[in-house]
Amino acid sequence: MVKFSANATNAVSYSFRFGTGDSKTSSGNAEYTYTEVGTKTYDIKVLAYSSTNNYITIDKKITVYVKPDSEQGLLELLAGNSSKTWKINAAQDAHFSNGSPDKTYSTYWEAAAFSKVNAGFYDDEYIFNVDGTYKHKTNEDVFGKASYLTNDFGSTSQSPNSSGEIEKYPLDDYQTTFVAKKDGDENKLEINGKGFVGFYVGQHIYTIECYDSDNIYLRTQDEGENVAWYVWLTAKTVSETHPKDQFTNLVWSDEFSDPGALDSSKWVHEVGDSWYNNEVQSYTSRLDNSKVEDGKLKIIAKKESYNGNNYTSARIISNTKMDFTYGRVDIKAKIPGTKGTWPALWLLGSNFKTVTWPKCGEIDVLEAAQSNNFRVQSTVHHPDNYGEGDSHITNEYTDITEKFHIYSLVWTKQALTFYVDDKPHHIVGNSCALPFNWNQFIILNVAMGGTMGGEISPDFVSDTMEIEYVRVYQ
Ligand SMILES: [Ca+2]
Ligand SMILES: [Ca+2]
């Protein structure tokens with residue numbers, strides 16, 4: 001609010017013109033509240049009237065700073081001390097994704113790193129300033145749904161792609177203002193006017209689902225199609241490295257080079273006779289069921305009477321020896337293929353004893369059994385997808401019971417991506433709403449029977465999973 005006062009000899013009334021089109025008449029004092037966020041200069045004119053309605057005028061310029069109405073913490077997140085520039089983090093899988101309207105993380109589809117390079121939004125810059133202004137540098141074009149772009153910004157000679165998107169919609173840089181506020185549990189960002197961030201779906205209101213000082217996960221909703229859209233933004237320079245190559249520091253490994261028992265500084269045996277999923281094996285720590293031989297770990301499932309069960313095997317975990325968050329895990333393995341065996345290479349949340357499954361999160365790098373015809377199946381389990389999981393089976397590898405392959409997980413804030421021999425086959429979007437931002441540990445086991453293993457071959461005697469190495473990079 002700005003207070004004005006004027007004084008002229010023999011004047012009886014004053015008209016204040018505030019430079020916005022608004023005016024007020026008074027006997028000498030006026031107050032006016034400027035609302036346009038940021039620093040602006042206004043041309044003020046005051047007219048002083050005499051009793052005979054003669055008048056004199058004076059012109060003044062005033063500069064007014066209107067503080068944005070944003071919540072301070074969110075303003076600092078978006079704009080730092082003065083200004084921050086954000087870009088789509090194209091170097092991460094799931095940097096752009098969509099999902100069910102009742103979820104706060106992607107569920108339908110996730111873009112692979114750099115896969116939208118032909119669209120106009122990777123070079124866009126989203127600049128937030130502490131004075132509440134927002135600049136969208138488009139580098140000449142933006143990416144969005146054709147219907148919303150043409151409705152709101154005008155027609156174009158470009159035709160939409162098969163998904164109804166215009167990949168390089170011509171749009172000049174523009175500037176507007178923004179407000180970031182808490183709304184209950186949600187952090188809301190509203191870009192005023194027609195301003196937007198990321199892929200345009202006609203919306204100007206976003207929720208900031210996850211953030212740290214360099215990363216923001218933004219959600220908005222396409223009201224027309226009832227789909228939620230997400231982008232991960234980064235305030236850092238976007239890497240040019242493929243996501244599979246982003247973790248290069250070998251932090252932990254077992255090459256299985258010393259024959260005999262497992263290295264107890266790296267692994268723990270889980271021993272027991274009663275397991276989940278209707279499995280029928282006893283897990284033992286005996287060399288009969290697991291040992292290092294020929295430079296490999298061998299997990300050996302056997303038919304034998306043992307503690308009331310008819311089969312034995314081994315399940316080894318890195319829990320308490322190697323628990324970690326984010327990175328790349330490589331496991332080079334050859335799996336058993338006898339019907340009834342259920343080999344698995346996987347990770348489980350290290351808090352599994354306190355929060356219980358599936359709140360702890362489970363990441364299955366490889367599961368194979370007769371139920372998936374001994375194909376590579378990779379699955380993510382969390383509380384929202386309890387039993388079924390976000391799962392994918394690739395039929396590309398038909399020799400996994402005969403040959404070694406490298407099964408990998410690349411795990412970041414943005415995504416969990418599964419690879420065979422460095423080739424990705426399944427991307428799952430990560431989010432702070434999911435249990436994949438805390439420690440997990442590695443599990444290697446061969447179960448017998450159960451929900452996935454199914455009926456055990458009547459002539460089963462023994463079968464072995466061989467693991468050449470396990471390596472973790474960060
Ligand atoms: Ca652009
Ligand atoms: Ca080895």
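**Strand pairing and exposure in a predicted model**

Q: Which residue stands opposite Asp-323 in β35?
A: In this predicted model, Asp-323 faces Phe-441 of β35.

Q: What makes strand β26 (residues 323–324) and β35 a pair?
A: Two bridges link β26 and β35 in the antiparallel sense. Pairing requires at least two bridges between the strands, so a count of two meets the cut-off.

Q: How do you know that strand β25 (residues 315–317) is joined to β35?
A: Three bridges connect β25 with β35, and the two run antiparallel. The requirement is at least two bridges, so β25 and β35 count as paired. Within β35, Ile-443 is the residue opposite Ile-317.

Q: How many bridges join strand β28 (residues 341–349) to β35?
A: There are nine, and the direction is antiparallel. Thr-341 has Met-448 of β35 as its bridge partner.

Q: Why is strand β35 (residues 440–448) called largely enclosed by the rest of the structure?
A: Of its nine residues, eight are buried. A residue is buried when 20 or more other C-beta atoms lie within 10 Å of its own. Eight of the nine residues of β35 pass that test, so the strand is described as largely enclosed.

Q: Why are β3 (23–26) and β6 (55–66) called edge strands?
A: These two belong to an open sheet of four strands in the order β3-β2-β5-β6, paired antiparallel. β3 and β6 each pair on one side only. From one strand to the next, the twist averages 20°.

Q: How do you know that strand β2 (residues 13–17) and strand β5 (residues 38–49) pair?
A: They share five bridges in the antiparallel sense. Ala-48 in β5 is the residue opposite Tyr-14.

Q: Is Thr-33 buried or exposed, and why?
A: Thr-33 is exposed: 10 other C-beta atoms lie within 10 Å. The cut-off for exposed is 12 or fewer, so a count of 10 falls under that heading. Thr-33 sits in the loop between β4 (29–32) and β5. Its C-alpha atom is 10.0 Å from that of Val-64, a residue 31 positions away along the chain.

Q: What domains does the assignment give for the protein chain?
A: The assignment gives domain 1 (2–66), domain 2 (72–240) and domain 3 (244–473). The C-alpha centres of domain 1 and domain 3 are 76 Å apart.

How values were computed: Residues are numbered from 1 along each chain as its sequence is written. Chains are lettered from A and ligands numbered from 1 in the order in which they are written. This is a predicted model: local features need pLDDT of at least 70, side-chain atom pairs count only at pLDDT 80 or more; totals for chains, interfaces and linings use all residues. Domain bounds come from an automatic or database domain assignment. Axes are lines fitted to C-alpha atoms, for helices over the stretch in contact, and angles run from 0 to 180 degrees between N-to-C directions.
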